[in-house]
Amino acid sequence: MDALIELKNVTKTYRLGDEMLHALNDVSFRVTPGEFIAITGPSGSGKSTLANIIGGLDHPDSGSVVVDGNELAHTRDGALSVYRNQHIGFVFQSFNLQGTNTALENVMLPLVFSHMKNKERKARAKECLEAVGLGDRLKHLPGQLSGGQRQRVAIARALAIKPSIIIADEPTGNLDSAKGQEIMKVLSELNKQGITLIVITHDLNVARLAHRVVDIRDGKINEKRG
Amino acid sequence: MQFSDYLRLAFRNIRRQKLRSVLTIFAVVIGATSVTIMLALVTGAKGFFLNQVEANGTLQQVAISPKADITEFNDASHGYGGNCDGCVKLTDTIVGKVKAVPHVIGVARIANDGNLEAITYGDKKLSLEQTTAYDANGIITNNIVAGRDIDSRDQSGVITITSDYADKLGFKNKYDQLVGKTVQLQTRSFYSGVGADVQPPPQCNGPCDPQQQQNQKSTILTAAIVGIADTSNNSKTIRVPLEWMRGMEQNRMYQQTEADQKAQQDACKNVRGNCSPTPPHYTLITRDMLAENGYGSLIAKVDSSKNAAGAATEIKKLGVGAADAEASIKQQLTIFNILGLVLGGIGGIALAVAAIGVVNTMIMAILERTREIGVMRAVGAKRSTVRTLFTLEASMLGFLGGVVGVGVGFGLTRVANIFVNKQLASQNVHARDIIGLPIWLILAVVGIATLIGMLAGLYPAARAARLDPVEALRYE
């Protein structure tokens, strides 16, 4: 099957004081459509860097990154922003919801940056919140929701633009295990509907759900089947 | 992303930190208010000045001087009586020619002189610097505060004086009581005009100098005060009817007639040796010096202010100096414009300080919302989107401050007008609500405040746009 995501010889180095830190060291890596990948590794191993490069938030120093036919390595900010807006849904460990905006408005945010009319945005955002089981919490502020509910709002936000890929960076990191399982269930369900899912985690229970686990140590990939 | 989305997001962000936004806007309000008031004052003063000029008809006037090189209205209207080199005497012939110039609808002849040296009422005696007279045909108008102005029926024996003189005569705030009172006017020495007791020279043998027989004492003329004029134009003048002035200007003296001289010569023609002719016969000869030397200046009135410049050009072809008021008014308007810049600049300082507040607020907002900016970038906001959003937010702070500031300024000018109106009323000036706030000024102040907000937002917005999304998302 053709690869949805293909990284070839990707290198990314950070400078920390006088030291050069190899976040990614000559990494090559493929993901086919509809896969569920878990990226694991100790902190500072480069797993977030890998996810950010796939998500179009970061540029590699060298190598090529092709996602859905788009070469991202040398794409400029404007086109990269459009790419993120059309292809990628991000879910963060700390939810990153806007506290002064309702659940509905938070989910509508990515749609504001696309060419969608206000009415359609509302309908789409409502649809997404219903899909994650929050159809009755549209007007709630994040502060009025539990941690699990907040992360579901974040997932709905990622879902709003009908992404081909959802990148979740420690989505269960701030939740207890029951809430974490609940969230993983929602994400797995979306994966089953055909969305490619990349989850960064160091929770083995989460990694176990993935089709494939990619372990990163010192910027090198150490792949094992899930 | 549509403009309405930007507006909505920016407005929501402003509302999020209410106190900080209100304080920032308040600073802009102070700046916008001071700019509004300063400019309203200047605009009002300028409008008032133009109104006054329009009302007293100066724009419809052409001042004519005997000196051809006069180009300033004010210089021309001051006039130059008597003789001067290269001057064209403003005689009634010239007056006739001026009246024939197209668009000229009337001419006022003006004569100033110093024949009268003092005015006496009761025990008060004041020195006079200038006596003025002109046609009472409505071309030159005065602001009469008591009694009436001199009119065309007045021939002699009446004057108007300025309120300055009335004050000095002891009639401050009771001008009405001075109207109708009779005063003595003392002429200069060697005065031979109307009212002077000119004596024939004493009989003398041989040639006599007729000048010696002139009246050397000053003459006392009496006049009734018919009105008191506002002091604003000429503080040290009294006005007399033009025909009376003509009389005062007269040069009257006894002279031997030519017939008498010839008779004397004839009587001695055939006499050898000493001939004692018949005593000379003197006759009182009166010369109209005003007609001979011309008037000091003329004011021609044209049918419309836009024809004044053209009429002035035509009148100059008669060899006289002529100037319309537009040039000198332009000069005065320039002063108002400079004043506007200076006062507006002072108000602008407050606005500049407010701009620093906007910069501060925006930098704070960006620090606080770093993660939020990261999220926006992650879900598809471009750098330019972030930049536009924050610039717009800063502009909106400026705009809101501008709107409120103009509102406050408007209120304050209304209050100020109440006081100014009282002042004007007490000065007998028929103008009200002179501190104006025209629509262009309102729009300009709101526009400037918005622009300053926008400029203040440029740097913080650029900083926000430069944020690396990965770093921003990690920001604690």
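Me: Hi! Which strand does strand 1 of chain B join through four bridges, running antiparallel: strand 13 or another?
Reply: Strand 13 of chain B, residues 297-302. Keep in mind that this is a predicted model. The two strands run antiparallel, with four bridges joining them.

Me: Nice. And what is the bridge partner of Gln61(B) in strand 13 of chain B?
Reply: Gln61(B) has Lys301(B) as its bridge partner there.

Me: How many bridges link strand 1 of chain B to strand 14 of chain B?
Reply: Four bridges, and that pairing is antiparallel. Strand 14 of chain B covers residues 321-324. Within it, Ala322(B) sits opposite Ile64(B).

Me: Is strand 1 of chain B mostly covered or mostly open?
Reply: Mostly covered: of its five residues, 61-65, five are buried.

Me: Which residues lie on each face of that strand 1 of chain B?
Reply: One side has Gln61(B), Ala63(B) and Ser65(B), while Val62(B) and Ile64(B) are on the other. Both faces are covered, and these residues are all buried.

Me: Switching to the contact between the chains, how many residues come from chain A and from chain B?
Reply: Chain A brings 19 residues to the contact and chain B brings 16 residues.

Me: Which helices of chain A supply at least two residues each to the side touching chain B?
Reply: Helix 2 (77-87) and helix 3 (103-112) of chain A. Helix 2 of chain A gives the most, with six residues.

Me: And how do the residues on that side of chain A divide into nonpolar, polar and charged?
Reply: Where chain A touches chain B, eight of its residues are nonpolar, eight are polar and three are charged.

Notes. Residues are numbered from 1 along each chain as its sequence is written. Chains are lettered from A and ligands numbered from 1 in the order in which they are written. This is a predicted model: local features need pLDDT of at least 70, side-chain atom pairs count only at pLDDT 80 or more; totals for chains, interfaces and linings use all residues. Two residues are in contact if their C-beta atoms, placed from the backbone, lie within 7 Å. Ala, Val, Leu, Ile, Met, Phe, Trp, Tyr, Cys and Pro count as nonpolar, Asp, Glu, Lys and Arg as charged, and the others, Gly among them, as polar. A residue is buried if 20 or more other C-beta atoms lie within 10 Å of its own, exposed if 12 or fewer, and partly exposed in between; C-beta atoms are placed from the backbone. Two strands pair if DSSP finds at least two bridges between them.
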